[in-house]
Amino acid sequence: MEAGGGKEHFQKQRQVLIFFVLLGIARAGSEPRHYPVAEEMESGSFVANLLKDLGLEVDELAARGPRVVSKGKKVRLHFDRQTGDLLLNEKLDREELCGPTEPCVLPFQVLLENPLEFFQAELRIRDINDHSPVFLDKEIILKISESITPGTAFLIELIPLGNAEDLDVERNSLQNYTIAPNSHFHVLTRSRRDGKKYPELVLDKTLDREEQPELSLTITALDGGSPPRSGTVQIHILVLDINDNAPEFTQSLYEVQVLENSPLNSVIVTVSASDLDTGNFGTISYAFFHVSEEIRKTFQLNPITGDIQLVKYLNFEAINTYEVDIEAKDGGGLSGKSTVLVQVVDVNDNPPELTFSSITSPIPENSPDTVVAVFSVSDLDSGDNGRMMCSIENDLPFLLKSSVENFYTLVSQGPLDRESQAEYNITITVTDLGTPRLKTQHNVTVLVSDVNDNAPAFTQTSYTLFVRENNSPALHIGGVSATDRDAGANAQVTYSLLPPQDPHLPLASLVSINADNGQLFALRALDYEALQALEFRVGATDRGSPALSSQALVRVLVLDANDNSPFVLYPLQNGSAPCTELVPRAAEPGYLVSKVVAVDGDSGQNAWLSYQLLKATEPGLFGVWAHNGEVRTARLLSERDAAKHRLLVLVKDNGEPPLSASVTLHVLLVDGFSQPYLPLPEAAAEPAQADPLTVYLVIALASVSSLFLFSVLAFIAVRLCRRGRAASLGGCSVPEGHFPGHLVDVSGTGTLSQSYQYEVCLMGGSGTSEFKFLKPILPSGLVQDAEQN
């Protein structure tokens, strides 16, 4: 039941709503009301009171909620809900809203709510005279020919003008045109089909350009407002002339002289004509009149200025006179004629010409008086303008010789040297004798060919090369270089080894040279001890014909390597009976027991020797001095010390890596040399045949005598050895340089006295270490002096 009652209540509300909507639509569809208002009224101005039209009272307005609705975004009207007045929301400009449309209507609606109701209305905007007529142009220019006269077919000729514009409508719009008083024209007002009015100017009196070439008129446009508004325009009339005068030249004949070397585009003459008419009829243009094609190619006439220009060079020798007819024509077709006579003046405008008959290049050096070129000269001018002189630069080894008429030969003066200058640029200048003088220059390039006149030259007169001994075969040890100032095959150098001065020197097996680049190679390993220096000559030969050559000295110095171990000279280690040193038991500390003497086949630092006691029967009893090999007692001897001692001494050089040798020294302690000699266990025992003291004295005397004799022999042998060092099979090694304090200097600067210093020479290749001879070592300065002598 409750659901059924709710449905009936909803249907009743729907019927009532539809009734009010239909009622509002019915009222909205009725004829709209019109409300007039003048344009340009201030905002808030009263338009109308809508209470009566809406059928409402003042107290009903608030309940119905009235409001104004119109098209567009702008709200131009306002409805006052307190009074029911319709007011302007802004100023209205009819011309902006409607333009030329009349009437100007703005539709709007008044919307009422509770119930919904629409009220249709229109706002009609009334025009006021707020715009003046305006011409599009401030000034109008008219061109009227003086030939237009009254009484002709153009008796009622009308000249249309630009019409004025007035944005207002109806009576406020443009109504008529007037003209300022004058004796030649009056104005008529005409209407188009659309109602717009325009002016027409009518000619009343014939115009005369000579009397009055220009006229100025003022036309005024008036509207129908009250008071009326107006606008003006200036009419500027130009009276056009008729062509009643022909052009006339200032001269009937123009005579002009033109140099034949005048530049192109130069003006040679200007013709001038005048016309009494004006405008197009007074405008004159110039043109050639029945002229030849040659004249048209040579001259150019400016049709406006009358300037005659050169467009082709003149040549007096070809044409010396031109006769040119000129026509002057105005814009109406009338013309006048004149003649221009052009006389060409001869000038020196032809430079000399040079023609070669033959050119020889390159020419060989060292060949005097060689003909380089043969040529001829010519000039198209005559007289002095055709006479010529020919010359070249003064600082060149060439000269010009004149032969037959206008023929010359260019000849080399003396022999040339290609190495000094391989190319010559010769400028031959030919000058005529005209005024001004003209000249022609021609460049000739002469190349000088090479002759083999320069021998190869080494960069150094001598070369010093270094190679370390024990080198690998085919080792590159350096090179020589030679250059040849010649060119081509004459400058190609070939290197070779020259035969050595010593025929026994096997140079070919020691050194080789690359024939192309001069690089030197050691063919086999070199031994410093056998060969310390090698001198030979290298030749450089070019490939010219005939071939030239030069020589350079090459000195190869072999650098020492530490490849020889020290060799002990004393005591001898040859497998015979060992040498025993006798030491009295009463010897003081530092007593000289013996001296180990050793040599090293190397040189320099590799031959610096040092000594060291490796092993002793009784350590601390004996000591070895490191720098000279002397064996001395280190303390006092006692009865408790053993009688027999065995010392092992190490001899080591200062090479890298160091090499060494060892020697065994036997020492026997005796009491005042009275104790009989007891052989060491290593030696076989022999029965004493004589008094031991006597034997010792004999041995000592023999040793001193032998040492002295060996010293003399060694001195003589060393002198002979140094003289034949280059070819010797074995050499004496004499180390040089400063020795450290802990090394022995076997070259004579050690700590031993003169009688204890020796140089030892061994026979190479003997297979034994047999001692041959000893000699005292002289100071190095004395030895060098001896060598120089």
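The structure is a predicted model, in which local features need pLDDT of at least 70, side-chain atom pairs count only at pLDDT 80 or more, and totals for chains, interfaces and linings use all residues. Residues are numbered from 1 along each chain as its sequence is written, and side-chain values use heavy atoms, with hydrogens and water left out.

Begin with confidence. The score pLDDT is the predictor's confidence in each residue, from 0 to 100. The chain averages 78, and 81% of the residues score at least 70. Over residues 1-29 the pLDDT is below 50, and this stretch has 11 contacts in the model beyond near neighbours in sequence; a contact means heavy atoms within 4.5 Å. Residues 674-690 also stay under 50, with 19 contacts beyond four places in sequence. Where pLDDT is low, the predicted coordinates should not be read in detail.

Next comes the sheet. Strands here are DSSP runs (E, at least two residues), numbered from the N terminus, and two strands pair if DSSP finds at least two bridges between them. Three strands form an open sheet in the order β19-β23-β22, with antiparallel pairing. Because β19 (267-270) and β22 (299-301) each have a single partner strand, they stand at the edges, and one side of each is left without a neighbour in the sheet. From one strand to the next, the twist averages 25 degrees, an angle between N-to-C directions on a scale from 0 to 180 degrees, with axes fitted to C-alpha atoms. Strand β23 (residues 307-310) is joined to β22 by three bridges, and Q300 stands opposite Q309 in β23.

The structure also holds 10 salt bridges. A salt bridge is a side-chain nitrogen of Lys or Arg within 4 Å of a carboxyl oxygen of Asp or Glu. One of them joins E618 and R635, at 2.8 Å from N to O. This pair links distant parts of the chain, 17 residues apart: E618 lies in the loop between β47 (609-616) and β48 (622-624), and R635 in the loop between β49 (630-633) and β50 (644-653).

How exposed are these residues? Buried means under 20% relative accessible area, exposed over 50%, and partly exposed in between (1.4 Å probe, protein chains only). E618 is partly exposed at 23%, and R635 is partly exposed at 29%. R635 also forms a salt bridge with D641, at 3.2 Å between the closest N and O atoms; D641 is buried at 5%. Another salt bridge joins R632 and E630, at 2.7 Å. R632 counts as buried at 19%, and E630 is buried at 7%. Elsewhere, R418, E419 and D450 are linked in a network of salt bridges.

How values were computed
Helix = DSSP H or I, 4+ residues; strand = E, 2+ residues; numbered from the N terminus.
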